[in-house]
Amino acid sequence: MSLAGFMKYTFSMTFLILIYIHLQMQIVDLAYQGQRKEAQIADLLDKNGSTFYAISKLKSANHLGEKLLAENSKMQFAGANDIIYVAASGEMIGSNDLERASPVGQKPSILANLLSFATQAEARSRE
């Protein structure tokens, strides 16, 4: 082998080795980028959970009630004195508006009849 052939072989092998090392470095860099992205996603999920909790806490009935009463507003919670009792006649209690509200001519399906194991529940008036 001549010196020129040896030099060509050496330079080409060195060039290929440098390309291989560069590709390996890119693979390792991409792995580190993936780990950083996963850590960022986990951090965002934690922040999302804490933000959802904070919003739920602000929308809770307890918090809204405390804000309502703490700001000395004119609004109040409904008390026992605010309940109004209405007297109803026997005709109103005995009528069944649900039967009148069902569409005329609509028959229950056969499948619904087969799957219903119990009788239909009916409300009864106190007497």
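Visitor: In what order do the elements of the protein run from the N terminus on?

Guide: The model is predicted, so local features need pLDDT of at least 70 and side-chain atom pairs pLDDT 80 or more, while totals for chains, interfaces and linings use all residues. Residues are numbered from 1 along each chain as its sequence is written, and side-chain values use heavy atoms, without hydrogens and water. Helices are DSSP runs of H or I with at least four residues, and strands are runs of E with at least two. The protein has five helices and zero strands, and the order is α-α-α-α-α.

Visitor: Is Leu18 buried or exposed?

Guide: Leu18 lies in helix 1, residues 3-59. Buried means under 20% relative accessible area, exposed over 50%, and partly exposed in between, with a 1.4 Å probe and protein chains only. The relative accessible area of Leu18 is 51%, so this residue is exposed.

Visitor: What share of the 127 residues in the protein do buried residues make up?

Guide: By the Shrake-Rupley method, the protein exposes about 12,900 Å², of which carbon and sulfur atoms supply 63%. The buried share of the 127 residues is 2%.

Visitor: How are helix 1 and helix 2 oriented to each other?

Guide: The axes, lines fitted to C-alpha atoms over the stretch in contact, with angles from 0 to 180 degrees between N-to-C directions, come within 5 Å and cross at roughly 55° for helix 1 and helix 2 (residues 61-70). Angles under 35 degrees count as roughly parallel, over 145 as roughly antiparallel, 65 to 115 as roughly perpendicular, and the rest as oblique. Helix 1 and helix 2 are therefore oblique.

Note on methods: Areas by Shrake-Rupley, 256 points an atom, 1.4 Å probe, with all protein chains shown as cover.
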